[in-house]
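Trainee: I would like to learn how to read packing and contacts in a model. Can we work through one together?
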Amino acid sequence: MFSLKDLVESNCLKSVPSNYIFLKNPEDSLLHETENIPIIDYSQLTSSNPNQRSKAIQQLGDACRQWGFFMLINHGVSETLRDELLRAIQRFFDLSEEEKKEYEGDKVFDLIRCGTSYNITVEKTLFWRDYLKCHVHPHFHAPSKPPGFSETLKEYSAKGREVIGELLKGISQSLGLEENYIQKRMNVDSGSQLLVINFYPPCPKPELVMGLPAHTDHGLLTLLMQNEFGGLQIEQNGKWIPVHPVPNSFLVNAGDHLEILTNGKYKSVVHRAGVNKKGSRISVATAIGSPLDTIVGPAPELDDEDTPPAYRAITYRDYLQLQQSHEIDGKSCLDRIRI
């Protein structure tokens, strides 16, 4: 295994290697600024004031229906913990190649998987990123190096799970269901939680590469934190919108299984990650889903004569295998199970 980080820092990289050049239409790189990205106030969503909570639930439902994405503020996760996590991640990626090689993996369900790039397309165009993936629930797994890294990841993972749990309650209620509906139907308490840490080194020609191409996430919700270097772009009405987070906020996007469960009422959002030449971007995605053997299909409580089930039921495990065995391309995986 070699890391892109080490290649960039070797001082021999003067241009972008040809196998990293991501060919795309010039129009695909156009970005459209907007100030309409929804913002959800977590403190209002969890408020004891019924009027505040009701308003926040309505805003949450609107965000899921119209965008599949929102910023989350006043979430209660301390800035101290967030900063410590980013420092710990930097220390992990600063480990030697030999030390990181202990955590190398190439199977979807490896409990810890560290690697670089990834693309299964014939052309073998590589993505401009290194990554670490850890399954942190129902059983916690993380590298033991560097010292303190595992403990920081465990604390952050628990906080993230708590936040997503409250969001799922609000989403259930926004659909007219009881607040624990999604947790119970999807058995979220015993479900999967995957921590995906992406490290995007600075690039001499960022317009030629892609950190991650257009895709949607599996699972129900993804909670995203990043350092000061932006790069997330979401697709809205056929246009790419750069995301500029409010300080100390989380970014939250709906996953494919929320779209399946709600029978398309709430959409998963297509997004991608660009890179920059100024510095290394770090992003930390917390993805929540059901247990791997849970069959995920449209909720019967949301069925009616006018909207029959639009997706066939599939286990979470099989959906992950389906996603990982095909080229990453927008909603192509979800399209494979549409009825």
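Trainee: Which residue forms a salt bridge with E84?

Mentor: A word on the source before that. This is a predicted model, where local features need pLDDT of at least 70, side-chain atom pairs count only at pLDDT 80 or more, and totals for chains, interfaces and linings use all residues. Residues are numbered from 1 along each chain as its sequence is written, and side-chain values use heavy atoms, with hydrogens and water left out. Now the idea: a salt bridge is a side-chain nitrogen of Lys or Arg within 4 Å of a carboxyl oxygen of Asp or Glu. E84 pairs with R91, and their closest N and O atoms are 3.1 Å apart.

Trainee: How many salt bridges does the rule give?

Mentor: The count comes to 15. Some of them join into a network of salt bridges, which links E259, K331, D335 and R338.

Trainee: Which residue does E179 bridge to, and where do the two sit?

Mentor: E179 forms a salt bridge with R53, with the closest N and O atoms 3.3 Å apart. The pair links distant parts of the chain, 126 residues apart. E179 is in the loop between α6 and α7 (181-185), while R53 is in helix α3 (residues 50-66). On the element names: helices (H or I, at least four residues) and strands (E, at least two) are DSSP runs, numbered from the N terminus. R53 counts as buried because its relative accessibility is 15%. E179, at 30%, counts as partly exposed.

Trainee: What does the pair of R317 and D293 look like?

Mentor: Their side chains meet in a salt bridge at 3.0 Å, N to O. This pair too links distant parts of the chain, 24 residues apart. R317 is in helix α9 (residues 316-324), and D293 is in the loop between β12 (281-288) and β13 (295-296). D293 counts as exposed because its relative accessibility is 57%. R317 is partly exposed, with a relative accessible area of 29%.

Trainee: On to helices. How are two packed helices described?

Mentor: By the angle between their axes and the distance between the axes. The axes are lines fitted to C-alpha atoms, for helices over the stretch in contact, and angles run from 0 to 180 degrees between N-to-C directions. Take α3 and α6 (149-174). They pack at an angle of about 85°, with their axes 8 Å apart. That makes α3 roughly perpendicular to α6. The classes are: under 35 degrees roughly parallel, over 145 roughly antiparallel, 65 to 115 roughly perpendicular, and the rest oblique.

Trainee: Which residues make the contact of α3 with α6?

Mentor: Contact means heavy atoms within 4.5 Å. From α3 come R53, I57, L60, G61 and C64, and from α6 come L167, G170, I171, Q173 and S174. These residues divide into five nonpolar, four polar and one charged. Here Ala, Val, Leu, Ile, Met, Phe, Trp, Tyr, Cys and Pro count as nonpolar, Asp, Glu, Lys and Arg as charged, and the others, Gly among them, as polar.

Trainee: At what angle do α4 and α6 cross?

Mentor: The axes of helix α4 (residues 79-93) and α6 cross at roughly 140° and come within 10 Å. α4 and α6 are therefore oblique to each other. Among the residues in the contact are E84, L85 and F92 of α4, with F149, Y156 and K159 of α6. The contact divides into eight nonpolar, one polar and three charged residues.

Trainee: Now the backbone. Which peptide bonds are cis?

Mentor: One joins H137 and P138, with omega about 10°. Another runs from K145 to P146, with omega near -10°. P138 is in the loop between β4 (130-137) and α6, and P146 is found in the loop between β4 and α6.

Trainee: What is the phi of N248, and what of N263?

Mentor: N248 has a positive phi of about 65° although it is not a glycine. N248 lies in the loop between β9 (239-242) and β10 (250-254), and at 31% relative accessibility counts as partly exposed. For N263, phi is near 55°, again positive in a residue other than glycine. N263 lies in the loop between α8 (256-261) and β11 (271-273). At 10% relative accessibility, N263 counts as buried.

Note on methods. Buried < 20%, exposed > 50% of the residue type's maximum accessible area, 1.4 Å probe, protein only.
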